[in-house]
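Colleague: I am new to this structure and would like to learn how to read it. Could you take me through some features, giving the general idea before each case?

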Amino acid sequence: MIRTQIPRFRLPESVIDEEVDYILRYEPVTHFGKRVDSLKEVLAQGWDAVFVGTGAPRGRDLGLPGQKEAAANIHIGIDWLSSVSFEHIDKIGKRVIVLGGGNTAMDCCRTSRRLGGEDVKVVVRSGFDEMKASPWEKEDAQHEGIPILNFLNPKEFTHKNGKLTGVLFTKMGWVEKGGKKRLEPTGEPDVHIECDDVLMAVGQENSFPWIERDIGMTFDKWDMPVVDEVTFQSDIPNVFFGGDAAFGPKNIIWAVAHGHDAAVSIDLFCQGKDVKDRLPPGVSMMSTKMGIHEWAYDNDISLDLRYKVPLVEPEVALRNVKIEVEKGFDPLLGYKEAQRCLNCDVQTVFSAPACIECDACVDICPMDCITFTENGEETELRDRLNAPAKTLTQDLYVQDGLKTGRVMVKDEDVCLHCGLCAERCPTGAWDMQQFFLDITPAGCAPKHVSRKREPMPAK
Ligand SMILES: Cc1cc2nc3c(=O)[nH]c(=O)nc-3n(C[C@H](O)[C@H](O)[C@H](O)COP(=O)(O)OP(=O)(O)OC[C@H]3O[C@@H](n4cnc5c(N)ncnc54)[C@H](O)[C@@H]3O)c2cc1C
Ligand code: SF4
Ligand code: SF4
């Protein structure tokens, strides 16, 4: 999908080549351009372990009235995007309707604008805020002159003499029933929108026609193979899954992380070890103190709002599907954006035995996130803090062992990591420590874990 569905104007091919090269440089045996039609056949070849990373390649179809008659101009979004990538398709009609509210819909509409679509509309069943697309993807589509029409549910494709003429929509709205909000038709007259082409981007599914169902692998009610969430092992012990194939469509970061975890399992499995007996990540903390007011990290706080990545002007960007839209930060803007970093890898670390409860840290903290108080039940304690801790998903940091029997409570949610508490503390009870996490790679015993990377073989 990285190469075939994500449009070039968002992810240039040179970037994909560079990433793939990091692996190809190790010269693995590859069989590109080969389709696997049977897992039984693969297993019969006697591999010690098999990793399935076949993605979620099926775009959902609406199957509405009129679809068969006007099929030539109604396309499944992810199939259409791959045809564009393979350069089988290089144009589309002037008036395009994209159905769906996710990121694939945003890629479809923006690609259409580059392939000749002049009047491109995204039509979504739900409201704007409920759309699955990321806010910045919606913003980028709108920036390219693409309107998003909400609360319209496609009902029928209209056609004349075998040619698509438009889409008929039912008007939808939120209705409250039994305390629950549901989307339902409002009863208002249907809306007809004329168009030359329709792209359906209404969902993505897994598809495993090549895995025989009598092979001994359990499939769940969604027809997904049952895969262990930690080991990525299926119930055929030497078959592992990862990426979109494991638990449905997600994103590239997830797919890469799954690959790492499955590699750990495959390594253990091939050594005849228990795949569940995995090493936890290595964790270490290091003080960043350099002097009384000096830290090994930049603790200045910037109040700037997020800087937007500059974009190529739409008139230029829309000329070619391969022109990368995001120009990236120049050094100055990159510096300013980096200054907004909250240094979340640098933590406040508290030592109760060193604390003399002078309250100097409480006074200096610009966010009021430190409180010395009597301990209590969590809900009540959250309300009692100097600044009540409202974000319930963020655990409180509570430390006992103080001489007065009170506890030190810190709300990490609002901490700026500015280090002022540690600078002011007369006894060094607060320290700012950098946190390191070493994910244990495949083939590593604890004593081998180190931050030093192996050098990359020369190309
Ligand atoms: C339009 C679109 C835009 C996206 N944009 C982003 C984005 O901006 N950022 C992001 O992080 N993610 C994005 N994603 C999601 C991302 O592409 C996927 O999550 C990711 O590619 C999953 O990686 P994967 O290796 O699991 O599967 P895939 O990338 O789908 O790779 C599966 C591979 O298996 C091959 N294959 C499938 N079946 C067989 C078979 N039977 N035999 C042999 N080979 C087979 C396929 O040809 C393919 O090469 C997007 C997805 C779509 C559809
Ligand atoms: S690091 Fe700054 S914001 Fe965080 S607790 Fe200390 S003084 Fe407060
Ligand atoms: S400044 Fe230091 S000694 Fe004083 S209350 Fe805070 S942690 Fe304790």
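Modeller: We can begin with a single residue and its contacts, bearing in mind that the model is predicted.

Colleague: Which residues is Val98 in contact with, leaving aside its neighbours within four places in sequence?

Modeller: In soluble globular proteins, nonpolar side chains tend to be buried together. Here Val98 is in contact with Ala105, Cys108, Cys109, Ser112, Val120, Val122, Leu199 and Ala201, once neighbours within four places in sequence are set aside. Val98 also belongs to the largest nonpolar core, which has 36 residues; Val98, Cys109 and Val198 touch the most other members. Elements that each supply at least two residues of this core include helix H3 (77-85), helix H4 (103-114), strand E4 (95-99), strand E5 (119-123) and strand E11 (197-200). A second, separate core has 18 residues, among them Cys365, Cys369, Val409 and Cys425.

Colleague: Is E4 largely enclosed or open, and why?

Modeller: A residue counts as buried when 20 or more other C-beta atoms lie within 10 Å of its own. Of the 5 residues of E4, 4 are buried, so the rest of the structure largely encloses this strand. For the protein chain, 25% of the 459 residues count as buried.

Colleague: How do I read the sheet around E4, and in what order do its strands lie?

Modeller: In a regular strand the side chains alternate between the two faces of the sheet. In this model, 5 strands make an open sheet with parallel pairing, in the order E3-E11-E4-E5-E6. Strand E3 (74-76) and strand E6 (148-149) are the edge strands, each pairing on one side only.

Colleague: Which residues are bridge partners in these strands?

Modeller: E4 and E5 run parallel and are joined by 5 bridges. The partner of Val98 in E5 is Val122. Between E4 and E5 the chain passes through H4, and this β-α-β crossover is right-handed. E4 also pairs with E11 in the parallel sense, over 4 bridges, and there Leu99 has Met200 as its bridge partner. E5 pairs in turn with E6, over 2 bridges and again in the parallel sense; Val122 stands opposite Ile148 in E6.

Colleague: Next, the backbone angles. Which residues have a positive phi although they are not glycine?

Modeller: Most residues other than glycine have a negative phi, and most peptide bonds are trans. Asp223 has a positive phi of about 65 degrees. The place of Asp223 is in the loop between strand E12 (204-205) and strand E13 (239-241). With 11 other C-beta atoms within 10 Å, Asp223 is exposed. Asp359 likewise has a positive phi, of about 70 degrees. The loop that holds Asp359 lies between strand E17 (346-350) and helix H10 (360-364). Asp359 is exposed too, with 10 other C-beta atoms within 10 Å.

Colleague: What surrounds ligand 3?

Modeller: A shell can be read by listing its residues and then sorting them by class. The shell of ligand 3 includes Asp359, along with Cys355, Cys358, Cys361, Cys425 and Trp430. By class, that shell divides into 8 nonpolar, 1 polar and 3 charged residues.

Colleague: And which residues come nearest to ligand 2?

Modeller: Of the 13 residues around ligand 2, the nearest are Cys365, Cys415, Cys418, Leu420 and Cys421. The shell around ligand 2 has 10 nonpolar, 3 polar and no charged residues. Cys365 is also one of the residues of the second core.

Note on methods:
Residues numbered from 1 in each chain as written. Chains lettered and ligands numbered in written order. Predicted model: local features only at pLDDT ≥ 70, side-chain atom pairs only at ≥ 80, totals over all residues. Core = buried A, V, L, I, M, F, W, Y, C linked by C-beta atoms within 7 Å. Buried ≥ 20, exposed ≤ 12 C-beta atoms within 10 Å, placed from the backbone. Contact = placed C-beta atoms within 7 Å. Near = placed C-beta within 6 Å. Nonpolar A, V, L, I, M, F, W, Y, C, P; charged D, E, K, R; others polar. Pairing = 2+ DSSP bridges. Right-handed = clockwise from strand over helix to strand, strands pointing away.
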